[in-house]
2 protein chains.
Amino acid sequence: MRGVVMYAPGDVRVEDREDPEIIEPTDAVIRLSATCVCGSDLWPYRGVEPVDRQVMGHEYVGVVEEVGSAVRNVGVGDFVVGSFVISDNTCEICRSGYQSKCVHASFVAQSIGTQAERARIPHADGTLVATPGQPGPELIPSLLATSDVLGTGWFAADAAQAGPGRTVAVVGDGAVGLMGVLAARELGAERIIAMSRHADRQDLARFYGATDIVAERGEEGVERVRELTEGLGAHSVIEAVGTQESMMQAVRSTRPGGYVGYVGVAHDVELPGEELFFSAVHLHGGPAPVRRFLPDLIRRVWDREIDPGRVFDLSLPLDQAAEGYRAMDERRAVKTLLTL
Amino acid sequence: MRGVVMYAPGDVRVEDREDPEIIEPTDAVIRLSATCVCGSDLWPYRGVEPVDRQVMGHEYVGVVEEVGSAVRNVGVGDFVVGSFVISDNTCEICRSGYQSKCVHASFVAQSIGTQAERARIPHADGTLVATPGQPGPELIPSLLATSDVLGTGWFAADAAQAGPGRTVAVVGDGAVGLMGVLAARELGAERIIAMSRHADRQDLARFYGATDIVAERGEEGVERVRELTEGLGAHSVIEAVGTQESMMQAVRSTRPGGYVGYVGVAHDVELPGEELFFSAVHLHGGPAPVRRFLPDLIRRVWDREIDPGRVFDLSLPLDQAAEGYRAMDERRAVKTLLTL
């Protein structure tokens, strides 16, 4: 089958990879209907994370082709969505809603690589969720978005306690930040401040529910958020970047007792303990337990309540994955969908 | 009046200080019935925080002697308890339960110094809570404890989401850690693991509700907590020290999705962002909004439901404050009460 391999930073190739097979009785093999490039794929692409002939991709929707003998919840022919972390969905950690930290957790990105025609999904019963029926092509992008970028933005909004009466600020105008805006709106937030310097992303943020745009960054951005919140800071802040600057911008934009939900994978971030202490904010984040939210998110997409698929502003055949990475790296695209 | 002044690290003196007077119409002047030495007073005592002829003390109970013209909630003769942070208790931050970050917040420690015979309390209506009547002398230590050490331990337990069915680990066996144990018990925690190497403090921890004692520290301590929790870590961890080691011990003792409530004033602490991210814990803490909990804590003490006053294991007249500091610094005492 064809699949993406990143040989080195900036060197993305599509080549023949081994076809996946059932190994464990709890496995399923799916044929991908669509996949995509994640903002986190840019970390190795840019050399921030090491990479050496790595299979890529962790977002996926597709049709089940084969299941192991122990699989019960999904069957051959089902259209399924899965999280970017494998989970059994039965252990105590899963049952508490943290499937991304399942005792059997493994990252799809590191072990499977769903930028490919097919994929073996371990713990299929726990990881995959079947849609109510076969989706039309117009639903594919939105269903694909639930797999990570929407699920992650939703978790961030949930961790930030976005809800009625709350002012939510969103640091980061990438796909996850935009999905955080959407989630905050769906969760009933009163006011949503999107922090973005790019006109096209500002437009998309407004489409998804932003009521205010702050173009300033760093301390200036913090000041603007304070001005918009009677000097107090936002109740809820979504951090969707993962740098020192963005984390501190998030903490400082939050009022005392407020909530920071952070989902940008933190690279070279050191949080100063004393400042954090005196800020009196709540801090919660990490790899999103997308599986917790998947059934609800799939239903919202299926019922046309939400349109997260709009976050894909570039669509290319899998074989042109390299251009999809380039476009995101150069910020010509928010997020690239790869068709199969 | 007599009052404590710390001239320099290790140099605590009791000397004549100016008598407090009403300055603002929202002030009250109280005559102290008892005061005490806080673990945080040891930071400047040990030279970790700078100090130069500083008035000391921020925990206090006493009788109102005089009120400003605008004071309504407390009157002359009332027995009152106050928080270690002045708050108006009416601003939006106060109403959300974060009185320690009130828009009019000021630290009693830095401006007033309640290790003294009398004290001026600004924003008396917001800061002070009157007891149902004049307490007998046997209740004074417990009421004094509500002012900071119990209120702070309670906030930590609340921030750590201690409650029924939860396993709570407590890092730190000082007075605040011990009060965290008490709070966890009162909040209904199923299991309470006190981390302590000192036999006398282990005994006190058991008295307050600890079900397990872990004497190991650092990574060994983390391993022991994991062994006691089926390898997952505690649901709730109270951090009551404030060092790099104790913070990391707290984070690492917490299961994914679990809660760290931290109230040790963080000194020279840097939290590694990537580890925190992948831990997926909730982190909340800061200067405790004791005022939020005061009415409830006073009621529990008044009704003899709890006995936080046992945390005072040394009682000295105010004039012997220096010995009270020394005993705590040398860990001969958990907490020193100063009588008046």
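Reader: What are the ground rules?
Author: Residues are numbered from 1 along each chain as its sequence is written, and chains are lettered from A and ligands numbered from 1 in the order in which they are written. The model is predicted, so local features need pLDDT of at least 70, side-chain atom pairs count only at pLDDT 80 or more, and totals for chains, interfaces and linings use all residues, while side-chain values use heavy atoms, with hydrogens and water left out.

Reader: How do you know how much area chain B and chain A bury between them?
Author: Buried area is the accessible area (1.4 Å probe) that two parts lose on being put together, summed over both. Here that comes to about 3,100 Å². Carbon and sulfur atoms carry 63% of it.

Reader: What makes Arg255(B) and Glu92(A) a salt bridge?
Author: The term asks for a side-chain nitrogen of Lys or Arg within 4 Å of a carboxyl oxygen of Asp or Glu. The N to O distance between Arg255(B) and Glu92(A) is 2.9 Å, so the pair qualifies. Chain B and chain A have two salt bridges between them.

Reader: How many residue pairs are in polar contact between chain B and chain A?
Author: There are 14, with both residues at pLDDT 80 or more. A polar contact is a pair of N or O atoms within 3.5 Å; within protein, one must be able to donate a hydrogen and the other to accept it, and residues adjacent in sequence count only if both atoms are side-chain atoms.

Reader: Why are β16(A) and β16(B) called paired?
Author: Two strands pair if DSSP finds at least two bridges between them. β16 (residues 270–272) of chain A and β16(B) have three, in the antiparallel sense, so they pass. Leu271(A) stands opposite Leu271(B).

Reader: What makes the two copies related as by a two-fold rotation axis?
Author: Copies are superposed by least squares on the C-alpha atoms of residues with pLDDT of at least 70 in both. A rotation of 180° with 0.0 Å of shift along its axis puts chain B on chain A, with RMSD 0.0 Å. The copies are thus related as by a two-fold rotation axis. The same surface serves both: 100% of the contact residues of chain B recur in chain A.

Reader: Why do β2 and β4 of chain B stand at the edges?
Author: Three strands form an open antiparallel sheet in the order β2-β1-β4 in chain B. β2 (11–16) and β4 (54–55) each have a single partner strand, so one side of each is left without a neighbour in the sheet. β1 (residues 2–8) of chain B meets β2(B) over six bridges. Ala8(B) has Asp11(B) as its bridge partner.

Technical notes: Helix = DSSP H or I, 4+ residues; strand = E, 2+ residues; numbered from the N terminus. Contact = heavy atoms within 4.5 Å.
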